[in-house]
Every structure is written in structure tokens, then in C-alpha cells.
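I opened a new structure today and kept notes as I went. Here is what I looked up.

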Amino acid sequence: MSRVPGLLGRLGAGLTEMGARLDERRAEVERESQGPADPVAAEAAPSVGGRPPQASASEAPASEARASETPLSDAPASEASVSDRPSAPAGHAPAATPTAALPDPAAAVPWGVRVAAEAGWRLLVLAGTVWVLMRVISAVQLVVLAFVAALLITALLHPAVARLTKWGFPRGLATALTAILGFVVMGLVGWFVVWQVMENIDNLSDQVQDGIDELRKWLLNSPFHVTDKQINDIAKNLREAIGANTDQITSTGLEGVTVIVEALTGILLTMFSTLFLLYDGKRIWQWTLKLVPAAARPGVAGAGPRAWRTLTAYVRGTVIVAMIDAIFIGLGIYFLDVPMAVPLAVFIFLFSFIPLVGAVASGALAVVVALVTQGVFTAVMTLAVVLAVQQIEGHILQPFILGRAVRVHPLAVVLSVAAGGMIAGIGGAVVAVPLVAVTNTVVGYLRARQSGGVGASGDLAERV
């Protein structure tokens with residue numbers, strides 16, 4: 001019975017210490033929820049293993065004795081559930097550790113992944129927008145090509161309208177005279193080409209047959225060791241291929257009626273669009289600006305004149321370069337006595353509107369005609385003339401005439417022509433490069449304007 005008071009004393013001291021620890025833990029949680037603790041207050045606060053303020057001096061030895069005799073594993077379950085860390089020995093204050101909080105999920109993602117994700121969904125939106133736009137354009141492809149062709153013709157004819165207006169002609173009369181003269185000239189060029197081909201088709205057929213015979217003899221006597229049997233086999237395979245594809249050729253001929261109707265429709269749309277752009281381009285541009293959001297309107301109003309100047313410079317420069325190519329190559333093949341020199345020169349002029357690819361195709365056509373009609377030597381000389389003129393064009397004429405305003409990298413030219421041809425055929429190949437040149441000018445202006453280099457000055461309505 002003598003030990004009962006001691007046990008009761010130790011039990012009371014343990015309960016008192018447990019209550020003090022619970023109070024300290026509750027105060028610590030409140031401090032963590034309210035903000036960082038004050039160092040002075042933390043030093044003034046009692047430690048976990050220290051003696052509570054209300055404990056008397058007579059209870060201290062019993063408390064210390066119980067803390068030294070009772071292991072940590074014998075602590076009550078309620079105390080273990082309250083404290084997330086083991087208790088320090090009595091008389092020593094443990095290091096204060098804040099409760100670990102779960103990190104923000106966005107902060108846990110690496111920075112590079114977050115940037116890629118932010119850019120990725122925007123690129124997907126842009127790609128979807130471009131895809132929808134291309135679907136719409138392909139559905140009304142004829143209208144789009146006709147309008148773009150009208151823009152190119154307007155850029156070519158507008159200086160004449162402006163000149164006549166300055167001379168005192170009314171706007172409507174100046175537009176009518178310029179449009180009629182321009183379309184008559186283009187119609188006469190097309191009629192001349194067709195007339196020359198029809199006039200020389202019989203003579204050309206005989207010359208082609210003679211050229212094929214000469215080419216056959218040259219192959220037989222050439223160092224390539226081509227035999228007569230191989231040539232006959234090639235001719236036989238060609239005849240069989242033509243006979244096997246007779247149905248396809250016939251269907252293509254029937255589809256030619258649809259092509260002619262679409263071509264006539266496109267020509268009419270182009271003519272009407274050109275007339276209205278020449279006469280009423282100012283109001284058309286002002287109405288277009290009203291469709292642009294007010295925040296972006298100053299930038300568009302400043303980019304418009306620069307885009308129009310680029311398009312005008314491109315069309316004028318391309319016409320001049322094409323005329324020089326057609327004249328010099330036409331003179332060369334004329335003095336080499338190649339048949340249909342004038343129609344070939346007109347084809348070279350028209351194909352020159354397709355950069356790089358058009359020059360190669362028209363030059364190859366002239367070389368083939370020279371080969372099958374005049375022989376290998378004339379074909380080689382024709383090839384030399386074509387290459388010489390094209391080198392002068394690429395290194396002298398285009399940089400001097402077109403200038404820096406419409407300078408586009410050759411890789412961009414090739415890729416844009418290929419993409420335009422795949423999307424819209426020959427018409428797409430023709431409008432691809434001016435579209436890239438105009439886009440390059442607009443993007444450069446908007447970038448300079450955003451950086452504060454230029455201001456939104458000028459109005460396209462003054463030039464259209």
C-alpha cells in the first residue's frame with residue numbers, strides 16, 4: 001500500500017503532461033494556419049518535453065521519473081494520434097516542422113511540358129481554323145481564283161486609270177477605257193497563239209514525224225548501243241498504253257466541256273471583279289476595314305497600303321521580266337529556225353508567271369520542239385539560249401526590277417508553288433508566290449509596329 005500514492009502521483013503527472021502537450025499541439029496548429037510563427041513568441045512558449053506552467057515543484061520529479069521509466073512505445077494511443085512525430089525527451093524542445101502540404105498540380109508539371117502544352121492547344125486551334133478555311137476555299141475555288149486574278153489584273157491596270165483620272169477623265173470613263181483596252185489586248189494574244197498553232201499544225205506534224213525518224217537513226221548510231229528491237233518495243237508499248245487508256249482519254253474529252261464552261265465562268269467573274277475593283281476600290285476597302293475588330297483596325301489599315309504596293313510591284317516586275325524572257329528566247333529560237341517561234345514565245349511569257357517551274361516547263365517545251373523538228377544540234381543550241389536568258393533573269397533582272405519589296409527566298413518560292421499547284425492546279429501555282437510576298441510584307445509591318453518601329457499611316461483606299 002505504500003506504493004499506491006507514488007503510482008497515483010506518477011499517473012497524475014503523466015495526465016498533466018499529456019494535457020500540456022495537447023494544448024501545445026493545438027497552439028502550434030493554430031500558428032501554422034495563421035502564418036509564420038514569431039521567433040520571440042516561439043522562444044517564450046514552453047517546450048514539448050518541458051514542465052507545464054501550472055505544474056508545481058513537487059510534481060516535477062515524479063514527471064521526470066515517469067518520462068525516464070516509461071518508453072515511447074508505451075505512450076497512449078490518443079497521444080500518438082495527435083502528434084505526427086515522436087516526442088523528444090523531457091527538458092529538450094524538438095525542432096519545429098510545419099505540416100507538409102500537397103503541392104499545386106500545375107506547379108508539379110515541368111516548365112517545358114507546360115509551355116509545350118500551352119503552345120500545343122493553340123496550334124491545334126490554328127490548324128483546325130486553317131483546315132476549315134481550306135475546305136471553304138476548295139468549295140468555292142473558282143470564285144476565289146477569279147477574284148485573285150482580278151486583284152492581279154487590277155494591280156497591273158490601276159496606274160492607267162489613275163493617269164487618265166489626273167488628265168481630267170471621269171472615273172467611270174477612265175475605268176471603262178482601261179478595262180476594255182486591257183481585255184482586248186489579252187484576247188488578241190490568246191487568239192494569236194491559237195491561230196499560229198492551227199496554221200502550223202500540219203507542217204509541225206510532218207516535221208515531228210521527220211524529227212522522230214532522225215532521232216531514231218541517231219539513237220541507232222549513238223554510243224548508247226540502242227538496238228532497233230528496243231526502239232520497236234518502246235513504240236509498241238506506247239501504242240498499247242494509248243489503246244488501253246482509250247476509255248479514259250474519251251472521258252477526259254467529255255469532261256473537257258465542263259472545263260470550258262468553268263473557264264468561261266471564271267473569265268466573266270474576273271472581268272466583273274476587275275471592273276468594280278478599278279472603279280470602286282476605295283469604298284470596297286473601307287467596307288472591308290469595318291469588318292475588322294476595332295482593336296486591330298489601325299494595324300490592318302497600315303498594313304493594307306504596304307500589301308498593295310508589294311502586289312503592284314510584283315505584278316509589274318513579273319510582266320516586265322516575262323516580256324524580256326519571251327522576246328529574247330523567241331528571237332533565239334527564231335534564228336535557229338525552230339517552227340512556231342512566236343507561239344512558243346507567247347507560251348514562255350505566260351509560263352513566266354509561275355516562278356522557277358514555269359521557266360523550266362516553257363524552256364523544256366521549246367527544246368523538245370527543236371529536237372523533234374530540227375535535230376539534236378538545234379535542240380542543244382535552244383537549250384543554251386534558254387539557260388542563258390534564265391540566268392540573266394534570275395541574277396540581274398529580278399533583283400533589279402522587283403527589288404527588295406517582293407524578295408522571297410527560293411526555298412519559299414518552290415514550296416509555295418508546289419503547295420499552290422497541289423491545292424488549286426496551275427491557278428494556285430500562279431497566285432502562290434504573290435500571296436507569300438504579300439504575307440511576308442504584312443507580317444514584317446505588324447512586327448515592326450508592335451515593337452514601336454512604325455506607325456499605322458496611309459490608307460489603301462487612296463491607291464485602289
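This is a predicted model: local features need pLDDT of at least 70, side-chain atom pairs count only at pLDDT 80 or more; totals for chains, interfaces and linings use all residues.

**Entry 1, overall make-up.** I looked up the elements and found 15 helices and zero strands. Next I checked burial: of the 464 residues, 27% are buried. The protein exposes about 30000 Å². Carbon and sulfur atoms supply 69% of that area. I also looked at contacts between residues at least 6 apart in sequence, and 71% of them join residues at least 24 apart.

Which residues have the most contacts inside the largest nonpolar core? I noted Leu152, Ala155, Leu311, Val315, Val413, Val417 and Val433, in a core of 17 residues. The largest share is from α15, with seven residues. I then found another core apart from this one, with twelve residues, including Ile333 and Val389.

I picked Leu311 and set aside its neighbours within four places in sequence. Leu311 is in contact with Leu151, Leu152, Ala155, Pro434 and Val438.

I turned to a nonpolar surface patch of about 850 Å². Its residues are Ile260, Leu264, Ile267, Leu268, Met271, Phe272, Leu275, Phe276 and Ile284. I looked up Ile260 and found it in helix α10, residues 246–290. Is Ile260 buried or exposed? Ile260 counts as exposed because its relative accessible area is 55%, and the cut-off for exposed is over 50%.

How values were computed: Residues are numbered from 1 along each chain as its sequence is written. Side-chain values use heavy atoms; hydrogens and water are left out. Patches are made of residues with over 30% relative accessible area and no salt bridge: like charges are joined within 9 Å, nonpolar side chains (Val, Leu, Ile, Met, Phe, Trp, Tyr) within 5 Å. Accessible areas come from the Shrake-Rupley method with a 1.4 Å probe; for residues, only the protein chains shown count as cover. A salt bridge is a side-chain nitrogen of Lys or Arg within 4 Å of a carboxyl oxygen of Asp or Glu. Helices (H or I, at least four residues) and strands (E, at least two) are DSSP runs, numbered from the N terminus. Buried means under 20% relative accessible area, exposed over 50%, partly exposed in between (1.4 Å probe, protein chains only). A nonpolar core is a set of buried Ala, Val, Leu, Ile, Met, Phe, Trp, Tyr and Cys residues joined through side-chain atoms within 4.5 Å. Contact means heavy atoms within 4.5 Å.
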